[in-house]
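Please read each point alongside the model.

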Amino acid sequence: MEAEQIKGTSLFAQYVWTPRAAQTIRNLRLLIVEDGTKQKVPEASMHTTMSGLVQVLVVAVSLFVGACSLAFAEEPQIAPVKILEFAPGLSIAKEAENISGSACAIASEESYSCLLIGDEVRFARFFSLSNDGLKSGEQVFILPKEYKAGEQTKEYDETDAEGIAFADGAYYLIGSHGLNKSGKHQPSRYFLYRVTVDPVTGLAGDLGTKDIASAQVTKSGNLEKIIATTPELARYVNMIPDQEGINIEGIAIKDRQLYVGFRGPLIAGGVTIASIALDDAFRNPSANLTLLPPIKLGDGQGVRDLAAVEGGFLILTGPQRDQAGPAKVCFWKLGETSAKCHGVIKAGPDSSKPEALTLLETTDAKFQVLIMSDGANGGVPAIYDVPR
């Protein structure tokens, strides 16, 4: 079963009152704009009953959507329907503040078994998702501490893993495949990983250690060579990400094809997505990478994550440059040069960067997704409904 095809009844109520929702309302009361002037919602309208609080949240978000129309005047907005937290929390700061990808393997009526990655660590982390929230689980190490470079022993840096997908009993993770911010080539950034898991639990039997990668991890460096010999991409290989250099942030799998979403470069002013046979990505360094027609998703918008869904793909977008800014979720059909987009009202602060998109449920009316953000402690996990 592919996680991208999960269907069924949602585990989550449409609106749930939490202390953070209360803070959201307090913030929104100062952000509602009318005739260009900040207007404060009267205290009398802040009802104290559960149903009243829900009503205020819905009204406040609706008003905030109107205020956001200056940014995406032509596009509807989606707001969180539920904001979650990890329990226990993610105690390692490099992980907690740099969540870059997630996917789910197993779904039941009670919970999901899932995996997340932070791009500045050498491990991924299992977590479960239910009506009670998010429960963080075990780390699975995808890179060892050391590697051989000729006669020398060197240490791997962080994985810089930026995306996760699940298909056919395994998670697939991908590094950025680009230089770091200083223009340095770090070998740890150029791997594609397969992590096999138990078909019943969705977990790995062997987790590895801080020194040794899990025995259930297979990694390949083929994509680095394949990208470098792809004519449309070769010129960007030695450029840093903020100067249009190679920067992969999305990965999805559909019909045994691996789809790779680039935050950069933006070719012909559009978002770049490429495909390759999944087996070739691991086994054939001479394989061809097929670039799909550039997708127009807005000036300066690149891929921040990618998920295969019924009829196409969901693309989470954000600024191509390394900065916070507007985010969208777009439904895209393979081969088309445009997509149906919804602006994302962030669950976290303005400085956060939505980077992890996970499909939870598909119905005739919507795709329900979990979005987590880089730059916010714990990723500010939030559930969104994306209209179909």
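1. Glu 158 has a relative accessible area of 22% and is therefore partly exposed; the classes, computed with a 1.4 Å probe on protein chains only, are buried under 20%, exposed over 50% and partly exposed in between. Its salt-bridge partner is Arg 189, with an N to O distance of 3.8 Å. Such a bridge is defined as a side-chain nitrogen of Lys or Arg within 4 Å of a carboxyl oxygen of Asp or Glu.

2. On the basis of the analysis: the model is predicted, so local features need pLDDT of at least 70 and side-chain atom pairs count only at pLDDT 80 or more, while totals for chains, interfaces and linings use all residues. Residues are numbered from 1 along each chain as its sequence is written, and side-chain values use heavy atoms, with hydrogens and water left out.

3. The whole structure contains 14 salt bridges. One of them joins Glu 355 to Arg 304 at 3.0 Å, N to O. Because Glu 355 belongs to strand 23 (residues 353-362) and Arg 304 to strand 19 (residues 301-309), this contact ties together parts 51 residues apart in sequence. Strands are DSSP runs of E with at least two residues, numbered from the N terminus. Both partners are buried: Glu 355 has 2% relative accessibility, and Arg 304 has 1%.

4. A further bridge pairs Asp 322 with Lys 353 at 3.2 Å, N to O. Here too the partners are distant in the chain, at 31 residues apart, with Asp 322 in the loop between strand 20 (312-319) and strand 21 (328-332) and Lys 353 in strand 23. Asp 322 is partly exposed at 30%, whereas Lys 353 is buried at 15%. Through shared partners, salt bridges connect Lys 181, Glu 249, Arg 263, Asp 322 and Lys 353 in one network.

5. How many aromatic pairs does the whole structure hold? The search finds 11, where rings of Phe, Tyr and Trp (its six-membered ring) pair if their centres lie within 6.5 Å, with planes under 30 degrees apart called stacked, over 60 edge-to-face and the rest tilted. Phe 166 and Tyr 171 make an edge-to-face pair, 5.0 Å between centres and 65 degrees between planes; both residues are buried. Tyr 147, Tyr 156, Phe 191 and Tyr 193 make up one aromatic cluster.

6. Charges also sit over rings, a contact that requires NZ of Lys or CZ of Arg within 6 Å of the ring centre and within 35 degrees of the ring normal. The charged end of Arg 194 is placed over Phe 282, 4.1 Å from the ring centre. Lys 254 lies over the face of Phe 313, 5.6 Å from its centre.

7. Strand 7 (residues 123-130) is mostly covered, with 7 of its 8 residues buried. Two strands are taken to pair if DSSP finds at least two bridges between them. Strand 7 pairs antiparallel with strand 6 (residues 111-118) over 7 bridges, with Ser 113 partnered by Ser 128, and a hairpin of 4 residues connects these two strands. Strand 7 also runs antiparallel to strand 8 (residues 133-141), again with 7 bridges. Ser 130 faces Gly 133 in strand 8, and 2 residues lie between the two strands in their hairpin.
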